[in-house]
Amino acid sequence: MFKTLIIELISPLQLSFFLILIAAVVHYISRNKKTTCILVCTSLIWLLIWSQPYSADLLLYSLERNAKAKSDQFIDRRSPDYILVLACYYNTEGNVPEVSRWSNCSLQRLVQTAILYRQTKSKIIITGGHFLENEYVNYSQKAKAFLISLGVPKDEIITTNKGTNTHEEIMSASQHVNDKYLIVVTTATHVLRVSNELNKITKKVAFFPVDYHSAGELTPYLSMPSITALEASRSAFYEHLALVKQHFSQ
């Protein structure tokens, strides 16, 4: 439950709402106008800061710049032993078309994987297990079916059918990728964390980052508050926190 709470509060929008809620409780219980005002103002300022695209760009810069640097290794055009594509999300709820069930990051990862397969003819490894809303649906199997629909032969796809987080996914693929040359397809903000995990298994890794959240520019600018910036900020906060956790768990 504590983990869920932390993940929720990583979102600037959720944290702002939480502070407003605390302010309402404080005002109801103690009628302390000063404390209430401080909490409300803090909430609004926090929301305003992270709804600015430039603020999100600053948070994302180190993550996505690192991803860009690692993607330069992709200039080595020899065919990799495997293309490793990591899981994102697939919605199992509701009566919607199949393509609408895939999150944006999943679509970008899987479509790029299909493109790389056509270029290299290297086997594909898909990770991801039973972490979806419907616990009986396996991410790896759904992703495999999607790649087949894009024209990838089914015997060219290996599924691990395991993994509910980055560490578990890498471990589930380790028997295949040990000391092999890989091209890894994942979200740009995710590259550094994946690289840290793979360093324990193989040094022969190139990355093809997708799903960028910023343009990578640091020239200051102001714009209207944006829900897209709030989501980009949430992603950056989550990844930085995950890197801290990874550092202390190693």
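**Salt bridges and cysteines**

Glu231 and Arg234 sit three residues apart in helix α9, which is about one turn of the helix. Helices here are DSSP runs of H or I with at least four residues, strands are runs of E with at least two, and both are numbered from the N terminus.

Before going on, a word on the source. This is a predicted model, in which local features need pLDDT of at least 70 and side-chain atom pairs count only at pLDDT 80 or more, while totals for chains, interfaces and linings use all residues. Residues are numbered from 1 along each chain as its sequence is written, and side-chain values use heavy atoms, with hydrogens and water left out.

Back to that pair. Glu231 and Arg234 form a salt bridge, with 2.8 Å between the closest N and O atoms. A salt bridge means a side-chain nitrogen of Lys or Arg within 4 Å of a carboxyl oxygen of Asp or Glu. In general, side chains of opposite charge can pair when their charged atoms come close. Glu231 is partly exposed at 39% relative accessibility, and so is Arg234, at 25%. The cut-offs are under 20% relative accessible area for buried, over 50% for exposed, and partly exposed in between, using a 1.4 Å probe and protein chains only.

How many salt bridges are there by this rule? The count is five. Another one joins Arg193 and Glu239, at 2.6 Å from N to O. Arg193 belongs to helix α8 (residues 191–198) and Glu239 to helix α9 (residues 227–249), so this pair ties together parts that are 46 residues apart in sequence. Arg193 and Glu239 are both buried. Lys200 also pairs with Glu197, at 3.5 Å between the closest N and O atoms; Glu197 is buried, at 6%.

Now the cysteines. Which two form a disulfide? They are Cys88 and Cys105, with sulfur atoms 1.5 Å apart; the term covers cysteine sulfur pairs within 2.5 Å. Cys88 is in the loop between β1 (82–85) and α5 (104–120), and Cys105 is in helix α5, so the link ties together parts that are 17 residues apart in sequence. The link is left-handed, with -55° about the S-S bond. Cys88 is partly exposed at 21%, whereas Cys105 is buried at 11%.

The structure holds one disulfide.
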